Amino acid sequence: MYNIWNNFFYEPLYNGLIFLISVIPGGNVAIAIILLTIIVKLILYPLSQKSITTQAKMKSLEGEISSIKNKHKENKEAVARETMELYKKHSVNPFSGCLTIIIQLPIIIALYFVFFKGLTPEDGVIYSFVHFPENINTFFLGFIDVTKKSIVLAIFAGITQYIQTDLSLPKSSPVSSGKISFADEFSRSMNMQMRYFLPVLIIFVAYTTSAAVSLYFITSSLFMIGQEYLVKKKTNTLLLETKS
């Protein structure tokens with residue numbers, strides 16, 4: 001299992017980073033990290049696009065789902081049946097996002113280890129056609145060493161992660177005076193943890209490792225924010241045409 005992860009995920013990404021550093025004038029590591037992150041995101045774009053489209057559709061249907069819940073307050077089976085019928089009508093698969101995340105996890109973990117281990121020649125890892133650069137510039141914007149810790153980039157990584165999470169998650173509906181189901185309470189709890197705990201975790205991980213990891217998180221979040229905006233704009237237009 002380790003060999004599969006190493007051969008198909010870690011080594012290609014490590015060599016990709018080394019190759020980019022060697023071809024970028026001055027061997028700027030920060031630019032190489034940004035480019036590698038964007039390249040990986042572009043490769044994963046079809047998968048993430050499907051997940052974002054599903055989230056956008058589900059978010060736009062919140063009003064209709066609330067109406068279904070109010071209509072069948074004491075009948076959970078009717079709520080589940082009509083909700084699934086609504087999803088089917090708009091071609092929404094609520095479980096597609098989970099599969100997308102699972103597929104992307106090995107790549108995300110491999111990228112993390114590429115930046116975490118640092119830029120040192122690894123025997124048996126570097127491909128024969130990739131040459132380790134003689135000159136390496138590890139400074140971002142001329143004064144932030146990406147091999148060192150950076151509280152500024154770590155905080156910015158957390159902020160961009162919060163913005164991305166806030167865009168992707170549905171807004172929490174106000175708590176009614178009636179009885180709240182376990183499912184609603186669990187959903188609300190997960191929403192809050194993803195919205196606030198994840199950015200804090202990103203800040204902690206980014207600061208305790210290196211500015212290179214922070215830069216990866218920032219680039220990834222900014223890419224996803226742009227993708228969220230474009231996909232949701234297109235999805236909302238399609239939904240309006242469907243409803244009309």
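A nonpolar core is a set of buried Ala, Val, Leu, Ile, Met, Phe, Trp, Tyr and Cys residues joined through side-chain atoms within 4.5 Å, where buried means under 20% relative accessible area (1.4 Å probe, protein chains only). The views show a predicted model, in which local features need pLDDT of at least 70, side-chain atom pairs count only at pLDDT 80 or more, and totals for chains, interfaces and linings use all residues. Residues are numbered from 1 along each chain as its sequence is written, and side-chain values use heavy atoms, without hydrogens and water.

**Figure 1. The largest nonpolar core has 37 residues.** Leu13, Leu17, Ile33, Leu36, Phe115 and Val146 touch the most other members. At least two residues of this core come from each of α1, α2, α6 (96-117), α7 (151-168), α8 (182-208) and α9 (211-243); helices are DSSP runs (H or I, at least four residues), numbered from the N terminus. A second, separate core of 7 residues includes Leu61, Val79, Leu86 and Val92.

**Figure 2. Contacts of Phe115.** Contact means heavy atoms within 4.5 Å. Apart from neighbours within four places in sequence, Phe115 is in contact with Leu17, Ile33, Leu36, Thr37, Ser210, Ala212, Val213 and Tyr216.

**Figure 3. Tyr14 lies in helix α1.** Tyr14 is buried, with a relative accessible area of 1%. Residues up to four places away in sequence aside, Tyr14 touches Val114, Thr120, Pro121, Glu122, Val125, Ile126 and Phe132. A distance of 9.8 Å separates the C-alpha atoms of Tyr14 and Leu36, which are 22 residues apart along the chain.

Conventions. Buried means under 20% relative accessible area, exposed over 50%, partly exposed in between (1.4 Å probe, protein chains only).
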